[in-house]
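Here are my notes on the model you sent over. Have the structure open while you read, and click along as you go.

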Amino acid sequence: MVNSPDSGSPDGIKGIRDESANGATERINHRLLGPVIFVVAVATSLIHLYFNTVSTLSELWTSALHFGLFGLICALTTPMFRMRSPGGQRLVLGVDVVLGLAALGCAAYLILFESALYQRGVNFNTADWVVSIASVLLILEFARRTVGWFIPVLCIAALSYVAWWGQYVDGIFNFPGLTWETVLFRSYLGGQGMLGSIARISWTYVFMFILFGAFLVKSGAGDFIIELARCAAGRFTGGPGFVAVFSSGLMGSVSGSSVANTVSTGVITIPLMRKAGFPARFAAGIEAAASTGGQLMPPVMGAGAFIMASYTQVSYLTIISVAALPALLYFLSVAMFVRIEAKRSHAVKLEDDNSPSLMTVLKDGWHFLLPLFVLVGALVYGFTPTYAAGIAILSVIVASWLSSKPMGVKDILEALMMGARNITTTAILLITVGLIVMVVSTTGIGNTFSIMITDWAGGSLLVTIVLVALASLILGMGLPVTAAYIVLATLSAPAIYQLIAQSQLLDLIMSGNLPEQARSIFMLVAPDKMELLGAPMDRATATQLLALVPDTFSTQLLEQALSPATLSMALVAAHMIIFWLSQDSNVTPPVCLTAFAAAAIAGTPQMRTGFTAWKLAKGLYIVPLLFAYSPLITGDFEQMLTVFCFALFGIYAIVAGLEGYLEHPLHPVVRLLMFPVGLLMLWPHGQLLLDLAGLALFVVAFIWSSRQGRRPSALAAE
């Protein structure tokens with residue numbers, strides 16, 4: 001049974017474990033402990049606002065306080081064990097208070113004694129040993145409470161690999177080992193593990209945007225989004241299905257939480273879909289698939305946008321700009337299933353004379369859109385994402401004064417509390433994952449893994465993507481989406497990036513337009529082939545030429561042949577592929593939390609609902625291929641828009657083939673033809689005429705299907 005998660009947690013994983021969720025609810029509502037949690041959460045939000053605006057503390061000290069504060073909140077809200085007797089509950093509470101204060105104490109120790117550690121030449125004394133061990137054990141315990149056993153066990157295996165059993169592994173994964181003193185220093189005191197770059201992302205970008213989402217929800221924007229979706233799409237045939245897609249996209253653009261998105265919008269949209277005539281399992285699957293897309297929709301993207309910007313060193317504004325069209329493509333692909341099922345199930349329009357009109361909803365709630373415009377405007381103007389989020393938070397308060405329910409001091413304090421509570425699980429998760437990232441960077445296992453993937457794939461980009469998709473599914477069974485993305489990006493992004501960049505280099509060689517500085521490398525390694533580089537050639541010849549360049553020169557060749565902007569966007573494409581594929585665990589059995597949450601609302605079998613959601617979320621697998629083989633995110637706007645438009649109809653054709661239905665049941669032959677027609681528009685052949693031919697064939701099939709549906713025999717059958 002999946003409980004309702006915290007509404008802002010980017011992974012929606014809070015509440016997966018019944019005991020922790022129930023214990024957290026009891027403690028938050030406790031007569032004495034509840035106010036303490038409220039004060040601590042509000043103080044934590046205010047302190048983090050200070051961190052992100054005027055603070056001059058070092059990043060290491062700030063990350064330490066981030067760990068200590070959210071460790072305290074986690075300890076207070078999520079019990080170590082679920083006890084039934086009052087005496088047992090008091091004992092567990094006492095232990096939790098001690099552990100929470102210990103986390104704060106570890107943060108204080110680092111701040112107070114960091115200089116002394118370096119004055120000793122980074123030689124541990126007894127206190128250093130105690131604090132570093134305690135810090136690692138505390139974060140592993142907090143991770144166990146919030147996301148289960150998988151991550152703590154993985155961290156223990158990773159740390160012990162560096163210090164102990166790596167030396168006994170044969171082959172490419174052999175690691176001679178480091179001392180436990182060095183491992184613990186890098187894990188906590190050195191700022192490379194728990195308090196490294198991933199923790200910095202947590203207390204900067206992720207915190208500020210989750211707090212922004214909490215203020216929006218508290219101001220009433222969540223209700224406005226759902227009402228807006230109902231008015232915009234609710235009166236169409238199958239309208240409740242479109243409402244689920246529309247509202248999940250809008251809600252996800254702020255919260256970035258798939259499970260929370262499912263619960264918050266699904267309680268409204270799933271009953272509406274069933275009332276309109278959609279099958280219950282389909283209604284649950286649509287909500288799960290649409291809510292999964294919430295993590296793909298800018299500006300939050302389930303914390304992925306911030307992590308991607310940090311990994312690629314490409315601006316956050318660029319990340320969310322190139323992510324917008326693919327996210328829209330995904331939601332439209334889900335909407336295609338809605339339309340087809342609405343036609344097949346004869347879903348009715350839900351007319352409600354008492355519901356307000358679209359203009360009325362916009363007139364009453366237009367001010368809820370102002371903070372989003374302020375956020376985008378601040379980013380475009382040049383403010384950093386954290387400052388832009390801070391300005392947007394203030395704009396939420398100001399905009400609420402234009403409504404009938406302006407935010408007062410109590411509402412602001414509750415929003416601050418919600419923000420801290422909503423990010424607690426994510427903060428603990430990201431701090432813990434920093435240990436794994438530290439191990440990967442220390443041992444070089446990421447490069448080893450990338451080389452191994454490339455060898456297995458035989459240099460094929462498609463096979464590499466398939467391998468990464470399988471790895472993401474397996475990791476997603478135990479890791480939350482954000483953690484799975486971080487681990488996979490660290491391990492496999494270099495391999496995908498290299499293959500994408502090489503593919504672009506091949507296109508350049510085939511065109512005969514290789515820059516002069518890049519030709520000089522061929523002059524060194526294959527002078528007898530120089531005459532071939534001045535004229536166009538086929539891909540086989542270009543591949544043979546590229547194979548002559550040794551691995552030691554490959555990076556230099558890419559840098560000489562391709563512009564820095566092209567290489568940067570190739571890296572973004574690699575990360576975007578991994579990020580999209582990491583979402584599949586939300587809707588892919590056997591572990592598909594988003595589908596399980598929707599099934600609980602719809603009252604349908606969990607696993608069967610999971611398979612339905614998996615089918616409806618096919619865009620998760622198609623769109624990443626476009627990242628790899630087309631200029632959907634790497635080209636100019638005209639190229640991106642062209643790919644988007646043909647991909648939209650290509651996916652529609654494939655959906656029709658899967659469902660055997662457009663406006664009317666398709667003849668088996670036409671149904672089979674829909675797959676090659678769709679592939680014709682999706683395939684990266686670079687021929688506009690072939691794309692237009694595929695589009696023409698699809699339009700003919702659509703018109704034929706519409707006329708079949710209007711025939712007297714078809715109308716009589718209905």
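This is a predicted model: local features need pLDDT of at least 70, side-chain atom pairs count only at pLDDT 80 or more; totals for chains, interfaces and linings use all residues.

1. Start with α2 (residues 33-51) and α3 (residues 59-77): their axes come within 10 Å and cross at roughly 160°. An angle over 145° counts as roughly antiparallel, so that is the label for α2 and α3. The crossing of this pair is left-handed.

2. Who does the touching there? On the α2 side the contact includes Leu-33, Ile-37, Val-40, Ala-41 and Phe-51, and on the α3 side Leu-65, Leu-69, Phe-70, Ile-73 and Leu-76 are among the partners. Each helix also brings a histidine to the contact, His-48 from α2 and His-66 from α3. By class, the α2 and α3 contact has 12 nonpolar residues, 5 polar ones and no charged ones.

3. Now go to α20 (residues 461-476) and α21 (residues 481-511). Their axes come within 11 Å, with a crossing angle of roughly 180°, and therefore these two helices are roughly antiparallel as well.

4. From α20, the residues in this contact are Leu-461, Thr-464, Val-468, Ala-471, Ser-472 and Leu-475. They meet Ala-484, Val-487, Leu-488, Ser-492, Ile-496, Leu-499 and Ile-500 of α21. The tally for α20 with α21 is 10 nonpolar, 3 polar and no charged residues.

5. Is Glu-341 buried or exposed? This glutamate sits in α14 (residues 316-345), and its relative accessibility is 8%, so Glu-341 counts as buried; the cut-off is under 20%. The side chain of Glu-341 has a polar contact of 2.4 Å with the side chain of Ser-345. Leaving aside residues up to four places away in sequence, Glu-341 touches Phe-278, Pro-279, Phe-282, His-346 and Glu-659. I'd have a look at that spot on screen.

6. Two backbone angles to check. Val-122 has a phi near 55°, a positive value in a residue that isn't glycine. Val-122 lies in the loop between α4 (86-119) and α5 (126-147), and with 26% relative accessibility it counts as partly exposed.

7. The other one is Gln-313, where phi is near 60°, again positive in a non-glycine residue. Gln-313 is in the loop between α13 (304-312) and α14. With a relative accessible area of 67%, Gln-313 is exposed.

Definitions and conventions. Residues are numbered from 1 along each chain as its sequence is written. Side-chain values use heavy atoms; hydrogens and water are left out. Axes are lines fitted to C-alpha atoms, for helices over the stretch in contact, and angles run from 0 to 180 degrees between N-to-C directions. Helices (H or I, at least four residues) and strands (E, at least two) are DSSP runs, numbered from the N terminus. Angles under 35 degrees count as roughly parallel, over 145 as roughly antiparallel, 65 to 115 as roughly perpendicular and the rest as oblique. Contact means heavy atoms within 4.5 Å. Ala, Val, Leu, Ile, Met, Phe, Trp, Tyr, Cys and Pro count as nonpolar, Asp, Glu, Lys and Arg as charged, and the others, Gly among them, as polar. A crossing is left-handed if the near helix is turned anticlockwise from the far one by less than a right angle, and right-handed if clockwise. Buried means under 20% relative accessible area, exposed over 50%, partly exposed in between (1.4 Å probe, protein chains only). A polar contact is a pair of N or O atoms within 3.5 Å; within protein, one must be able to donate a hydrogen and the other to accept it, and residues adjacent in sequence count only if both atoms are side-chain atoms.
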